[in-house]
Number of protein chains: 2
Amino acid sequence: MQNELELIEQHKVFDGNQRRYRHYSSTLGCVMTFSLFVPDLSRWSSPPLLWWLSGLTCNDENFTTKAGAQRIAAQLGMAIVMPDTSPRGDAVADVSQWDLGQGAGFYLNASQPPWAAHYRMYDYLSDELPHLLSNKLGFNGPQSISGHSMGGHGALVMALRDPERFCSVSAFSPIVNPTEVPWGQNAFQTYLGEDRQNWRQWDACELLKDYQGKAIPMLVDQGDSDSFLGEQLQPERLAQVAADINYPLTLRIQQGYDHSYYFIASFIGQHLEFHMKHLQRA
Amino acid sequence: MQNELELIEQHKVFDGNQRRYRHYSSTLGCVMTFSLFVPDLSRWSSPPLLWWLSGLTCNDENFTTKAGAQRIAAQLGMAIVMPDTSPRGDAVADVSQWDLGQGAGFYLNASQPPWAAHYRMYDYLSDELPHLLSNKLGFNGPQSISGHSMGGHGALVMALRDPERFCSVSAFSPIVNPTEVPWGQNAFQTYLGEDRQNWRQWDACELLKDYQGKAIPMLVDQGDSDSFLGEQLQPERLAQVAADINYPLTLRIQQGYDHSYYFIASFIGQHLEFHMKHLQRA
């Protein structure tokens, strides 16, 4: 199955196509699925690509079914790839916690047993899956990245670690400073071990403190009725670091919105328009 | 709990509210949930109401999470109520079939044991739930109705049986002639018994043959890649009866679309605009 890409589901939507693929990932050592929206190719021949990283407990289908993003992406002529949130399968380490193990890969490369064997989502998303999309499906154009919660953390970290790759980055309700909040500390201790110095490279606030790269336009939306806001998310930490180094962050606090996909649906159109503006300049 | 309406979930979405309610239904003899989208009431003080009836296996949340309808309803100033598809609970008759029993009420009043005790979805949606929405939530304005598959059947039957109630009716991939297709025959035999004369009052094609009521504007969308099209749906049967009596039906065959919510999402905006046009004339 190596290097094979199997189309396992396909639906016409807004004149484009919502697809689901399965492939063996040599990086992760397991079979993975991902979803892909492709706009009407008779109208948009080389659509730019947005990466969407989902949050805790999600797989590649939550954003696909709940965000209503295809309506806007079809109008703009944008493709969206939606990877899974962790390695998967009976051979892959797991625990009976919703915020750790399968469904909770935190978009990093684990160093600790038993996690290090499969939990290499950063390498999968930086290297293997982009090459697959390029080689097998022809996506060689400009890219941007977005995500929600744990996936917002993933999007910010991926952009700040590899700024030449992305035209823009956005996030909904991201975990901006995982080394300082319970979700992140729990995951990082488990996947990365006790040495907190090794945690910093997977933390958007820490990366931004020492940032020397290109200033990628960054949009963050956060609902003020989000029950995780005060303990887990704390976007003001990112705003403070961005202000300290004069980084172009737009942080919007959206009144009355919570952590759900209803919040994402309400503002995903504005995020796609934000990304499209920067993708078109590439 | 009689006559009590319990708000069990609420999310801000597109400046409006997505809510979920629970109540005891005396018509059905069980506890029911329904979902309701209300647009921003500071902008739209008396929104008209669209009923959405879902298909086999669904509950009140499928349309809520997957159709992306709130984006358009919020722009138009329209409320949408999404009931469940059958009575529910351990005391309610059921079978281990996905197209019969709980999740498959077919929007009729059953006459056969053990179904007759609870399966009275027509009365629930014609009488009890509208009164609850009027008395408890203030929805007294004009109404329209739509639905998908089994819910498309429900929408057409409810409109044709009670034409003064609705300004317009639409359906996605409806079962238009249940007395002549396997899904409908199986359900009607089970819920209504062997006498096919009793089936006719729950069949849109049969109702339309003898129709004497107001000509409610009717829009039907059907994907031509729908795997149920040839055996279960056959919209040409409805088109033939409508042509025979010169009824104002618009039937659109949408190329490449299937039976999924991706099809609904792609055209729900046009359906809401169709309904709004007729609701505003009321």
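Visitor: By class, how many nonpolar, polar and charged residues does the lining of the second largest cavity have?

Guide: Five nonpolar, three polar and no charged ones. The rule is that Ala, Val, Leu, Ile, Met, Phe, Trp, Tyr, Cys and Pro count as nonpolar, Asp, Glu, Lys and Arg as charged, and the others, Gly among them, as polar. The lining is A:Gln18, A:Phe37, A:Phe63, A:Thr64, A:Ala69, A:Gln70, A:Ile80 and A:Met82. A:Phe37, A:Phe63, A:Ala69, A:Ile80 and A:Met82 therefore go down as nonpolar.

Guide: Some housekeeping: this is a predicted model, where local features need pLDDT of at least 70, side-chain atom pairs count only at pLDDT 80 or more, and totals for chains, interfaces and linings use all residues. Residues are numbered from 1 along each chain as its sequence is written, chains are lettered from A and ligands numbered from 1 in the order in which they are written, and side-chain values use heavy atoms, with hydrogens and water left out.

Visitor: Why is it called a cavity?

Guide: On a 1 Å grid over the protein atoms alone, a cavity is a set of points where a 1.4 Å probe fits but cannot get out, and its lining residues have an atom within 4 Å of a point. Two cavities of 30 Å³ or more turn up in the whole structure.

Visitor: What lines the largest cavity?

Guide: A:Tyr262 from one chain, plus B:Glu9, B:His11, B:Gln18, B:Arg19, B:Arg20, B:Ser35, B:Glu61 and B:Thr64 from the other. Of the elements, β1 (6-13) and β2 (16-25) of chain B give two or more residues, and β2(B) gives the most, three. By class that makes one nonpolar, four polar and four charged residues, around about 50 Å³ of space.

Visitor: What makes a space a pocket instead?

Guide: A pocket is an open set with protein on both sides within 12 Å along at least five of seven lines. α1(A) has the largest share, four residues.

Guide: The second largest pocket is about 470 Å³. Of its 25 lining residues, B:Lys66, B:His148, B:His259, B:Ser260 and B:Tyr261 lie nearest the centre.

Visitor: Why does A:Ser35 count as buried?

Guide: Its relative accessibility is 1%, and buried means under 20%, exposed over 50%, partly exposed in between (1.4 Å probe, protein chains only), so A:Ser35 qualifies. A:Ser35 sits in strand β3 (residues 30-38) of chain A. Leaving aside neighbours within four places in sequence, its contacts (heavy atoms within 4.5 Å) include A:Gln18, A:Arg20, A:Glu61 and A:Met82.

Visitor: How do you know that chains A and B are related by a two-fold axis?

Guide: Chain B can be laid on chain A by a turn of 180 degrees and a shift of 0.0 Å along the axis, with an RMSD of 0.0 Å. That is why the relation is a two-fold axis. The same surface serves both copies, as 100% of the contact residues of chain B recur in chain A. The superposition is by least squares on the C-alpha atoms of residues with pLDDT of at least 70 in both.

Methods: Grid points are joined across faces, edges and corners, and a volume is the space filled by probe spheres set on the points.
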